[in-house]
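Hi,

Here is the structure I said I would pass on.

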Amino acid sequence: MRPLIDRLFPRDPHEPEARLLYGHVVSQARAPRFYENLGVPDSVDGRFELLLLHAFLMFDRLRVEGDEARELSDSLFALMVYDFDQSLRVSGVGDLGVGPRMKRMGEAFYGRLHAYTTAAGTGSGALAAALRRNLYGTCGQVDEAVLSAMADYVLAERLRLRSLPVTALLTQNAVFGAPPERFGPEAGSGAA
């Protein structure tokens, strides 16, 4: 007989797979090349924005599967929200401050998801504009070559992820490709 706690609060059967997918997202968002070579701000905001960008790519990939991946996508979202909550608490945000900050983070997530989905369907120029507003939103001026490279990277990753079966997402050590290379003498500055 299962313990009472397990019957009252059953475990999410998709949690192990969601953890693997979220691990891919977090690992890619931590890749130093984005910060060192492509001017993504190495700050709380910059890291959060890069995480949201790669979460968009993963959710976009799962969306292609339709109903078959809906539960996995829901589990991934729940895990991401839990991680955000825990990150706030570890950084010293008190109980009363967590709710409003989680609301803002949720609004940011849905806003980015909508912006990137719409822009990715339109093309590189629209996506570069969305990246300028969000990923590079705290940078001021951003090198056009960097914006173009990031937009091309996102579009290429979107296509590449869609070409992989879900089983590959769950079995490969890394599912995202390498971040774009360094650009010219201004690389790493993020500003023109």
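Before the helix pairs, a word on terms: the axes here are lines fitted to C-alpha atoms, for helices over the stretch in contact, and the angles run from 0 to 180 degrees between N-to-C directions. Please also keep in mind that this is a predicted model.

Let me start with helix 2 and helix 4. Their axes come within 8 Å and cross at roughly 145°, and the crossing is right-handed. On the helix 2 side, the residues in contact are Leu21, Tyr22, His24, Val25, Val26, Gln28 and Ala29. Helix 4 meets them with Leu50, Leu51, His54, Ala55, Met58 and Leu62. Sorted by class, that contact has ten nonpolar and three polar residues, and no charged ones.

Helix 4 (residues 44–64) also packs on helix 8 (residues 144–163), at an angle of about 30° and with the axes 9 Å apart. Angles under 35 degrees count as roughly parallel, so helix 4 and helix 8 are roughly parallel to each other. This crossing is right-handed too. From helix 4 come Leu53, His54, Phe56, Leu57, Asp60, Arg61, Arg63 and Val64, and from helix 8 come Met150, Tyr153, Val154, Glu157, Arg158, Leu161 and Arg162. Here the classes are eight nonpolar, one polar and six charged.

Now for the pockets. Which residues lie nearest the centre of the largest pocket? They are Val44, Arg47, Phe48, Leu51 and Met105, out of 26 lining residues. The volume of this pocket is about 640 Å³. Helix 2 (15–29), helix 4, helix 5 (70–90) and helix 6 (95–122) are the elements that each give two or more residues to its lining. Helix 4 has the largest share, with seven residues. By class, the lining of the largest pocket splits into 13 nonpolar, six polar and seven charged residues.

The second largest pocket holds about 310 Å³ of space. Its lining has 16 residues, and Phe59, Arg63, Arg70, Ser73 and Leu113 lie nearest the centre. The elements giving two or more residues to this lining are helix 4, helix 5 and helix 6. Once again helix 4 gives the most, this time five residues.

Cheers

Note on methods: Residues numbered from 1 in each chain as written. Predicted model: local features only at pLDDT ≥ 70, side-chain atom pairs only at ≥ 80, totals over all residues. Heavy atoms only, no water. Helix = DSSP H or I, 4+ residues; strand = E, 2+ residues; numbered from the N terminus. Parallel < 35°, antiparallel > 145°, perpendicular 65-115°, else oblique. Left-handed = near helix turned anticlockwise from the far one by under 90°. Contact = heavy atoms within 4.5 Å. Nonpolar A, V, L, I, M, F, W, Y, C, P; charged D, E, K, R; others polar. 1 Å grid on protein atoms, 1.4 Å probe; cavity = no way out; pocket = protein on both sides within 12 Å on 5 of 7 lines; lining within 4 Å. Points joined across faces, edges and corners; volume = space filled by probe spheres on them.
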